[in-house]
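The following note sets out some points for a colleague who is new to reading structures. Please keep the sequence and the model in view while going through them.

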Amino acid sequence: MNIIKVKNADEGAQKAFEIYQNVIKSGAKVLGLATGSSPIALYDRLSASDLDFSNMTSVNLDEYLGLDGDNDQSYRYFMNQHLFNQKPFKHSYVPDGKSDDHEAAAKAYDQIIAENPIDLQLLGIGRNGHIGFNEPGTSFDSTTHIVDLTQSTIDANARFFEKESDVPTQAISMGIASVMSAKQILLVAYGDTKADAIAATVNGPVSETVPASVLQNHENVTIIVDEAAASKL
Ligand code: GLP
């Protein structure tokens, strides 16, 4: 794992932006994207740049169940706001949270990933070490699946909703095997609430109880952390 320590999220976004410039220059065609507050400064930089995504494909990690793309809490809406409206891709895939048949939607998403092998997968990390919405205990062999969110994740995400009871309790998420199939992975984490998860990811045993620890098994992973998130390394 290549660990890059930065002073703050802004410096982290600049380092991440340079990685995007390089992979795009090297011919990357498919970007795996993530939501959450951690990538926002990077998306701002990508949006303001002269990079052209119109011949590229994006594949997002996850979506809440029950929210359609017009709902301002959906991850599709988040991506439109933070990146796609400014920088359209040829195709931008986000799992379908409003399907009548979730199993079929998960299968269809796996097919999309198979047809669009991910060159660079961006990840944030949950306080409990989740990646995408792959909560602790998720099999490392998992592909796209329906997830019951843990209370810790519901609590952490409640800040984005008017009240906690509005937070969806289920999501559809790319699986851990799908994340690991990306050629390169970039994880960004800022703030002391991520310090335990980062320490367990980097130095802990590789275990399904800390989903992000699987990244130790990937040959091309970069982790960008600020001083607070790196404080327990
Ligand atoms: C959600 C998302 C994750 C994200 C995590 C952390 O649970 N599904 O993909 O990494 O939140 O978000 P933040 O960056 O806001 O801390």
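1. A polar contact is a pair of N or O atoms within 3.5 Å; within protein, one must be able to donate a hydrogen and the other to accept it, and residues adjacent in sequence count only if both atoms are side-chain atoms. In the side chain of H130, an N or O atom is 2.8 Å from an oxygen atom of the ligand. For K194, a polar side-chain atom lies 2.6 Å from a ligand oxygen atom, and for R159 the corresponding distance is 3.1 Å.

2. This is a predicted model, in which local features need pLDDT of at least 70 and side-chain atom pairs count only at pLDDT 80 or more, while totals for chains, interfaces and linings use all residues. Residues are numbered from 1 along each chain as its sequence is written, and side-chain values use heavy atoms, with hydrogens and water left out.

3. The ligand is surrounded by 13 residues (each with a heavy atom within 4 Å of it). The closest are S37, S38, D62, H130 and K194.

4. In their contact (heavy atoms within 4.5 Å), I40, Y43, L46 and S47 of α2 meet F78, M79, H82 and L83 of α3.

Key: Helix = DSSP H or I, 4+ residues; strand = E, 2+ residues; numbered from the N terminus.
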